[in-house]
Amino acid sequence: MPTDGLFISFEGIDGAGKSTHIDALAAALRAQGRTVTLTREPGGTPLAEKLRALLLHDAMDPLCEALLMFAARRDHLQQVIEPALARGDAVLCDRFTDATFAYQGHGRGFDLATLTTLERWVQTTPQGRLRQPDLTVWFDLAPEVAARRLAGARVPDKFESQPVEFFRRVAAGYAQRLADDPVRFARIAADQPLDAVRADVMAACGRQAWWREVAA
Ligand code: TMP
């Protein structure tokens, strides 16, 4: 049980279809009487949104990419996430630190031990606790299916335009993060019809100690 608010992150390769379900869960939590802070990474603050624009569109080496991701995360934690959790909000964050391990670590091949050090630096609270989501909802989808969904949908950014092999490594990275911390993760089979995916997300949340049933 979290000591303060509730922190939920949503992960998956590009095209896995997180967004609709984040909105649906936000509505369900509001119906339970919670105040919801909806946010995303990279981004969520004016500074982090500027870094997002650089990260998604400018070429840079993997170390630079990893450092900017964590710089954006630091600002986001300090300005938005920690204050919201201290208020008791439910913070729904579209991607968090698992994305850095999956994309920069497994996708780009950046050193995982260095990422772990950066994670500790950036996510340690003043009380000495390593800030992690209370729950991470991972939309697991085959990279080939995600690529078909993304094809022609919009002008791809730097990550979306990566080849399918890159997303295979990213997906393996998410699987590794789940194996390392199975209690925190809920794996959702994202290749099902929308309603079934939504039902699985709600069921995963319904199994959590913090879930509040609302009388019909
Ligand atoms: P989004 O399109 O889901 O908002 O995510 C932006 C892109 O940034 C997405 O392709 C994944 C990538 N990303 C990383 O590579 N590392 C990270 O740490 C985060 C948060 C996102």
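**A buried arginine and its surroundings**

Analyst: With a relative accessible area of 5%, Arg184 is buried. This is a predicted model, and Arg184 lies in the loop between α7 and β5 (185-189).

User: Which residues is Arg184 in contact with, leaving aside its neighbours within four places in sequence?

Analyst: Leaving those neighbours aside, Arg184 is in contact with Asp98, Gln132, Pro133, Asp134, Leu135, Thr136 and Arg177. Pro133 is 51 residues from Arg184 along the chain, and yet the C-alpha atoms of the two are separated by 7.5 Å.

User: With which side chains does the side chain of Arg184 make polar contacts?

Analyst: One partner is the side chain of Thr136, at 2.7 Å, and another is the side chain of Asp181, in a polar contact of 2.9 Å.

User: Are Glu41 and Arg95 buried or exposed?

Analyst: The cut-off for buried is under 20% relative accessible area. Glu41, at 5% relative accessibility, therefore counts as buried, and Arg95, at 11%, counts as buried as well. Glu41 touches Arg95 itself, and among the other residues it touches, not counting those up to four places away in sequence, are Arg52, His76, Cys93 and Phe96. The side chain of Glu41 also makes a polar contact of 2.6 Å with the side chain of Arg73.

User: How do I read the buried side of a helix, taking α6 as the case, and which of its residues are buried?

Analyst: An α-helix has 3.6 residues a turn, so residues three or four places apart point the same way. In helix α6 (residues 143-150) the buried residues are Pro143, Ala146 and Leu150. They cover an arc of only 60 degrees around the axis, which puts them on the same side of α6. These buried residues pack against α7 (164-180), and α6 is followed by Gly152, whose phi is positive, near 75 degrees.

User: When two helices pack together, as α3 and α4 do, at what angle do they pack?

Analyst: Helix α3 (residues 62-87) packs with α4 at an angle of about 175 degrees, their axes being 11 Å apart. Because angles over 145 degrees count as roughly antiparallel, α3 is roughly antiparallel to α4. On the α3 side the contact is made by Glu65, Ala66, Met69, Phe70 and Arg73, and on the α4 side by Thr97, Thr100 and Gln104. By class, the contact of α3 with α4 has three nonpolar, three polar and two charged residues.

User: As a last exercise, where is Asp140 found, and what does it touch?

Analyst: Asp140 is found in strand β4 (residues 135-140) and, at 19% relative accessibility, counts as buried. Not counting residues up to four places away in sequence, Asp140 touches Arg187, Ile188, Ala189, Ala190 and Asp191.

Technical notes
Residues are numbered from 1 along each chain as its sequence is written. This is a predicted model: local features need pLDDT of at least 70, side-chain atom pairs count only at pLDDT 80 or more; totals for chains, interfaces and linings use all residues. Side-chain values use heavy atoms; hydrogens and water are left out. Buried means under 20% relative accessible area, exposed over 50%, partly exposed in between (1.4 Å probe, protein chains only). Helices (H or I, at least four residues) and strands (E, at least two) are DSSP runs, numbered from the N terminus. The arc is that of the directions from the helix axis to the C-beta atoms. Contact means heavy atoms within 4.5 Å. A polar contact is a pair of N or O atoms within 3.5 Å; within protein, one must be able to donate a hydrogen and the other to accept it, and residues adjacent in sequence count only if both atoms are side-chain atoms. Axes are lines fitted to C-alpha atoms, for helices over the stretch in contact, and angles run from 0 to 180 degrees between N-to-C directions. Angles under 35 degrees count as roughly parallel, over 145 as roughly antiparallel, 65 to 115 as roughly perpendicular and the rest as oblique. Ala, Val, Leu, Ile, Met, Phe, Trp, Tyr, Cys and Pro count as nonpolar, Asp, Glu, Lys and Arg as charged, and the others, Gly among them, as polar.
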